Amino acid sequence: MVRRGGEDGSSSNSIDALATSFKNQMADLQAISLECCIYRVPPTDRVLKAEVYAPRAVSVGPFHHNKKELQGMEEHKLRYMKVFLKRANKDLDDLIFEMMKWENKARNSYFEKIDLSVEEFMKILIKDSFFILETMIGVQNIKPPDRVFYLPNHSTDFKTDLFLLENQIPFFFLKKLFELAPVGDPPMQFLKVCVDYIALSIIPIRESTQMLTKVQIYVDLHHHEIKHFVDLLRIFHLPSNLGRVPKNVDKLITIPNAVQLQEAGVQLLKVSSSNSLLDIEFTNGELKIPVLIVHKYFKLIMSNIFVLEKYHYPYESYIGHYASFMQMLVDTDKDADLLIQNGIIEDWVGQNSIVADLFSKVGDEVWNHIPSYFLYDISERLNKYCNVARHKWMASFKRDYCSSPWMIVSTIAAILLLIFTFLSTIAAFLAL
């Protein structure tokens, strides 16, 4: 201790006590692990949009475990655990012994310090993991008595709760438990079980086999370890060509909305065969956009992926970039109408005004600073195309005079009449 001039004994004791307090707190600090991947949603977002971030039926993992309104599912989790163990024909003691080896890695997956003992923490993770695995395996063959799946509103909340960022269990933990107690003969592949469940429960995936292949290729090519279900949803939506992303572009370029683009001569075309919503292309005046199905879970899925990207993939914010692009494209109800008419948007919500509002709300959640904006090049070329007067004039001519077969015939007839009149005038003049 260093005694400073003019300090009395009480002041010196206060300084010592404060310094000791800080030192003790810093000594207890744990470094943020590189394995960290499960985050809390910022308080401002969670308060304003609690319906897309907070679980309403079931807690998964430690963040929401003690919420009173979610305790009713704890008994149901044990029922699923019992069914899973009976099917797998495995000893629970042996499974717990193996899973305890992964406690530290699992704990490091959470951004916040988990103030639970090893036993308390693992009790949550193991019980919740059995529940999730049995849910995914049995979702195609639910038999009575299963009260959860026979309560429509509760069933919806239950399904969506498994895809909230704050409500996750590390993917590796689920996979380890699944592989320790394999199901089926031959045993089911864990990743396929996950993709099939997502396709059946929350995302309208037409070809789950293609999506499974896409995920497997991405994981192998990029040596990527899937973090959790929200990370898996993000991989579903990644662009096919990740190599085109500019690494030095840190600004978002505004573009005209859909109606304005059409008026400027841009053709808005749907792409039905793409494996990603983000495979947007612009060539020769044609803006090709993969078909987007706007369903009731769309906002929830996008919002949770945004937060994951914000914290875990700040320089690879593909979904955030896409939302910003679509927010500019769908600026009004007329823009939504146009994209729906062109087949680019399939509206499962039911009202075009809701579609436009949905994009507005989703896009607003993306932060202002956008590192490595992957749609920069397309946006820049779109603006250049729209600034060429000839393109706008040609679009106006086609719209006013060539919008239907009868209009084309009428236009041709008018041109021929004009030519005939002109030639007749010349002939009459020459005859003088």
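Contact here means heavy atoms within 4.5 Å. This is a predicted model, in which local features need pLDDT of at least 70, side-chain atom pairs count only at pLDDT 80 or more, and totals for chains, interfaces and linings use all residues. Residues are numbered from 1 along each chain as its sequence is written, and side-chain values use heavy atoms, with hydrogens and water left out.

Let's start inside. Beyond its neighbours within four places in sequence, F325 is in contact with I255, I280, Y373, L375, I378, S379 and L382. F325 also joins L287 and L329 as the residues with the most contacts inside the largest nonpolar core, which has 117 residues. Such a core is a set of buried Ala, Val, Leu, Ile, Met, Phe, Trp, Tyr and Cys residues joined through side-chain atoms within 4.5 Å. Buried means under 20% relative accessible area, exposed over 50%, partly exposed in between (1.4 Å probe, protein chains only).

| Helix | Residues |
|---|---|
| α6 | 118–138 |
| α9 | 190–201 |
| α11 | 229–237 |

Helix α6 gives the most to the core, with 11 residues. Of its 21 residues, 17 are buried, so α6 is largely enclosed by the rest of the structure.

Next, look at α9, where L191, C194, V195 and I198 meet F229, L232, L233 and F236 of α11.

Finally, V330 sits in the loop between α14 (318–329) and α15 (333–341). V330 is buried, with a relative accessible area of 1%. Although V330 and N257 are 73 residues apart in sequence, they are 6.1 Å apart in space, C-alpha to C-alpha.

Definitions and conventions: Helices (H or I, at least four residues) and strands (E, at least two) are DSSP runs, numbered from the N terminus. Axes are lines fitted to C-alpha atoms, for helices over the stretch in contact, and angles run from 0 to 180 degrees between N-to-C directions.
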